[in-house]
Amino acid sequence: MLEFPGFLQIPLAEWIDAIMSWVLTNWAVFFDAVGDGILLVLLYIEKFLLWLPWAAVVLLVGLVAWRAMRSWLAGLLMAGFLVLIGSFGYWDFAMMTLAIIIAAVLISFVIGIPTGIIMARSDRVESIIKPVLDAMQTMPSFVYLIPALMLFGLGKVPAVFATVIYAAPPVIRLTDVGIRQVPQSVIEAATAVGSNSRQILFEIQLPLAIPSIMVGINQTTMMALAMVVIASMIGARGLGLEVLLAINRIDVGRGFEAGLSIVLLAIIIDRITNALATRQQKYAASTA
Amino acid sequence: MANGNESGKAEVSLEVSGLWKIFGKNAEKIIGSELEAASKEDILKKTGCVVAVRDVSFQVTRGEFFVIMGLSGSGKSTVIRLLLRLIEPTAGNIFIDGKDISGYTNKQLVDLRRHTTSMVFQNFGLLPHRNVIDNVAYALKIRGTAKTERYARARETIETVGLEGWENHFPSELSGGMQQRVGIARALAMDPEILLMDEPFSGLDPLIRREMQDELLDILEKVKKTIVFVTHDLDEALKLGGRIAIMRDGEIIQIGTPEEVIKAPGDAYVREFVQDASLAKVVTASSIMEKPKVLLYEWQGPKAAFQIIKDNMLDYAFLVTRAQKLLGLVPRRRLVELIRRKGISLKDALEPDLPTCTPDMVIEDLFPLATTTEYPIPVVNDNGKLLGEIDTRAILESMISESDTGAEETEGKEAKADA
């Protein structure tokens, strides 16, 4: 009597397994194609980043940071961080990690913006997608590794896939919020002069949602960076793998170097995207 | 089209008939049911629906300035939105240029909004991410006007509203009055046939508001438009409106000229509304002037003139040319003096510093004139032609509204008509 009754137990795990095996047998071609696509994009980005001379990357990051934050000190600091990563001997790993992040953010952007737009236009769609996004973000990120592994095998592609699932919600959410925040009076005025719904979206809603979308992209990037470390468990090479190896070998020094490199990379990406986002917001705030 | 315009004054630009707006579920079921006649509160209690506009009908003729006035919650802002179907009516028809737009498809509606109407909003409704000129040009861009043309047109209208030099500023950098100028410029840039204005000046402080009202009237002198203007401010309604519709609880209680509304309020509600309104602000010189009993012509001699004045038992007369152009006022006492001096020309007997007024001047502006003269004030048109005269007594009498003398008088009139 004290045990939970057996007849009330739901074999959810079995169902999920059944669904997965069904997907694997019937949708294999589809996922292969998607995987090839992701890989293609990723390889190009990675090759490009590794092809660039390190000095050029450092200079570029320094310049962008200087322009974005309007402070030459910030530019110098960001460039310095990057040099520090290289001095640990992690330049190539950092570039691989960066490639996965860029690919994941690009895909999140391409999927996230249209999804956010659809959510903003329909309360019903929003009420369906919102809990899904919540679940995507609260589910332990390791769990995504399993289906990613099954669908795409070992390597970088499942890493990107798992990263996208984990990192896409913020950009979707903030696109939705950004569009919904556009004052009704502005929409009404635009409607009154004869804008159709396409014009309202592209001329009014999206431009006014840009600050919010930028914040979404910043958050998505940060979450992608966090996920990349975990994704190294399924074979994504990069800084995450170094951390993983250090754990396996209980190599404190190496773990610290790799971990610090990830933190530095995070700071660089966060500061730059955040500066771009807040610059957009400043103008929006003055108009609110 | 051309023929329609020639038919002149009575051409209807906008017509609304049996317009209803009820917010809530199954609102359309209320219309036609026995609930239709129930009060707003009863309908809310029984169905949970809110009646915003109840069976509203009116016509606006081309070039008319039509004001819809009511307190907040009277449904006036809903009505003006229904006209463009920014809010969908629950029942009723809206005709613009004779075409029923209630059945228009989205595409037809967009077309109508782009070419025939434009609207000015209380909260301006400017695009915060566009500067002044792009805000004004936006409507033209939406319409598909070429870039150079729309900027030229935008510049032109910005000048009309007196904002030149501010083209590249953002709305957030402008004061409320200036923002509304942008709103008006945007509406005018489209050169619409019908201009809808939803409390455009309510958000501005009183001084700016008055200035904007005057400027609006100035602009409308130059570009004739049909206007539907919503306001909660009676003074504004009386000042601007050719006709005023007064709304309460979603219904139109009375439609009439400012003078009619003040002199004969449709019911107790309107009476209370207008009791503080000054007749002096709406009654015009033309409505109280009388035809002069006699006129003196410039070729007449003093003795003949004296005879005319004496025969009519007057102590003055106006001197005019053959074309009825006013030359001045000849008082009896100056005429007597002239005859004694053996003068010849009546022009030598004119009263100096004679005040005159135009037919559209309101009583308020006549008071100061009346204090400067002991004789009636002549009413002349722009060409100097004498149209009539106003006795100072008539000015005072005009201030007594029919409502002051009570309802008995109107009842008495009806009784007389019955008899």
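Me: Before we start, what kind of model is it, and how are things numbered?
Reply: This is a predicted model: local features need pLDDT of at least 70, side-chain atom pairs count only at pLDDT 80 or more, and totals for chains, interfaces and linings use all residues. Residues are numbered from 1 along each chain as its sequence is written, while chains are lettered from A and ligands numbered from 1 in the order in which they are written.

Me: Okay, chain B. How many helices and strands does it have?
Reply: Chain B has 17 helices and 15 strands. Helices (H or I, at least four residues) and strands (E, at least two) are DSSP runs, numbered from the N terminus.

Me: And what are the dimensions of the box it fills?
Reply: Along the principal axes, the C-alpha atoms of chain B fill a box of roughly 85 × 65 × 45 Å.

Me: How much of chain B is buried?
Reply: Of its 419 residues, 37% are buried. A residue is buried if 20 or more other C-beta atoms lie within 10 Å of its own, exposed if 12 or fewer, and partly exposed in between, with C-beta atoms placed from the backbone.

Me: Where does B:S278 sit, and how does it score on that scale?
Reply: B:S278 is in the loop between α11 (268-274) and α12 (285-288) of chain B. It counts as partly exposed because it has 15 C-beta neighbours inside 10 Å.

Me: Let's do sheets. What's the order of strands in the four-stranded one?
Reply: That open sheet in chain B runs β2-β1-β4-β5, with antiparallel pairing. Two strands pair if DSSP finds at least two bridges between them. β2 (50-61) and β5 (99-100) of chain B are the edges with a single partner strand each, so one side of each has no neighbour in the sheet.

Me: How many bridges hold β4(B) to β5(B)?
Reply: Strand β4 (residues 91-96) of chain B and β5(B) share two bridges, in the antiparallel sense. B:I96 stands opposite B:K99 in β5(B).

Me: What about the six-stranded sheet?
Reply: In chain B its order is β6-β7-β8-β3-β9-β10; the sheet is open and the pairing is mixed. β6 and β10 (251-256) of chain B are the edge strands, each pairing on one side only. Strand β7 (residues 194-198) of chain B runs parallel to strand β8 (residues 226-231) of chain B, joined by five bridges. There, B:L195 has B:I227 in β8(B) as its bridge partner.

Me: Is β12(B) buried or exposed?
Reply: Strand β12 (residues 316-320) of chain B is mostly covered, as five of its five residues are buried. β12(B) pairs in the parallel sense with strand β11 (residues 295-297) of chain B over three bridges. Between β11(B) and β12(B) the chain passes through helix α13 (residues 302-311) of chain B, a right-handed β-α-β crossover. Right-handed means that, with the strands pointing away from the viewer, the path from the first strand over the helix to the second runs clockwise.

Me: What does β12(B) pair with in the antiparallel sense?
Reply: That's strand β13 (residues 326-331) of chain B, over five bridges. B:V320 has B:L326 in β13(B) as its bridge partner, and B:Y297 is also a bridge partner of B:V320. In the hairpin of β12(B) and β13(B), with five residues between the strands, B:Q324 takes a positive phi near 65 degrees.

Me: Switching topic: how many residues does each chain give to the contact?
Reply: Chain B gives 21 residues and chain A gives 16. Two residues are in contact if their C-beta atoms, placed from the backbone, lie within 7 Å. On the chain B side, α5(B) gives the most, with four residues.

Me: Last one, chain A. Where is A:A231, and what does it touch?
Reply: A:A231 is in helix α10 (residues 197-231) of chain A. It counts as buried because it has 30 C-beta neighbours inside 10 Å. Leaving aside neighbours within four places in sequence, A:A231 is in contact with A:A159, A:A162, A:T163, A:A236 and A:G240.
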